[in-house]
Amino acid sequence: MLTIVIIAVIVIAAVAVLVVGRGRIRDGGGRGLKHRFGPEYDHAVADHDGDTKAAERELGERVKQHGSLTEQPLSPATRAQYTAQWAGVQEQFVDSPHKAVTEAEALLAHLAKDRGFPGEQFEEQFAALSVHHAAQVHGYRSMHTAARGQSGTEEMREAMVEARSLFEALVTEQRADPDQDTPRTPDDRGHAPWALNRRHAKGSST
């Protein structure tokens, strides 16, 4: 009888250790994803109505599919061309915000494709970019929404400013940093490009 009790105690203890161990592994994975994706982690959780496990499965799948992607270099001439095109789009914003945002989204998508990110569908490209540039992708999502006429002028301006950080990361071949969890300022000097300053925006809604 005593032997049976001892065996039962050992089995229960082993099960408890296994459950706790799995919980720690799961929590560690969640912390790793949250650190890697930063605000994008919270956005994924919100998209899944607060279901953390479902969000982590999605983010883990993004890493599995796109984590090994190698960003392709740009030639100096191509880099200069993209920079000039982006500056031109910014200047258009004053007179035609929606057109500027639409062209900026297309330009950013083309640039990302040139750097080696899949470019056939926005969702797939965004997922790949979020793995390597998690701190900068929020503006790209906002720009995608704005380009479809679902935002006011001020929201479009903010999307352009936010998206510029991703543009700069790609066009300057900045090394992707998965540990970075806070977005940069629009131009790393604490101010937005002149064409998108509030005083230049014509109105606050379309």
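Residues were classed as buried under 20% relative accessible area, exposed over 50% and partly exposed in between (1.4 Å probe, protein chains only). Helices are DSSP runs of H or I of at least four residues, and strands are runs of E of at least two, numbered from the N terminus. The model is predicted: local features need pLDDT of at least 70, side-chain atom pairs count only at pLDDT 80 or more, and totals for chains, interfaces and linings use all residues. Residues are numbered from 1 along each chain as its sequence is written, and side-chain values use heavy atoms, without hydrogens and water.

Helix α6 is mostly covered, with nine of its eleven residues buried. Among them are Phe122, Phe126, Leu129 and His132.

Eight salt bridges were counted, each a side-chain nitrogen of Lys or Arg within 4 Å of a carboxyl oxygen of Asp or Glu. Arginine 157 and glutamate 154 pair at 2.8 Å, N to O. They lie three residues apart in helix α8 (residues 153–171), so about one helical turn separates them. Arginine 157 is buried at 8% relative accessible area, as is glutamate 154 at 18%. Arginine 164 and glutamate 168 form a further bridge at 3.0 Å, N to O. Both are buried. Shared partners join Glu40, Glu58, Arg62 and Arg141 into one salt-bridge network. Lysine 113 pairs with glutamate 120, with the closest N and O atoms 3.5 Å apart. Lysine 113 is partly exposed, at 43%, whereas glutamate 120 is exposed, at 64%.

Aspartate 49 sits in the loop between α2 and α3. Its phi is near 55°, a positive value in a residue other than glycine. Aspartate 49 is exposed, with 75% relative accessible area.
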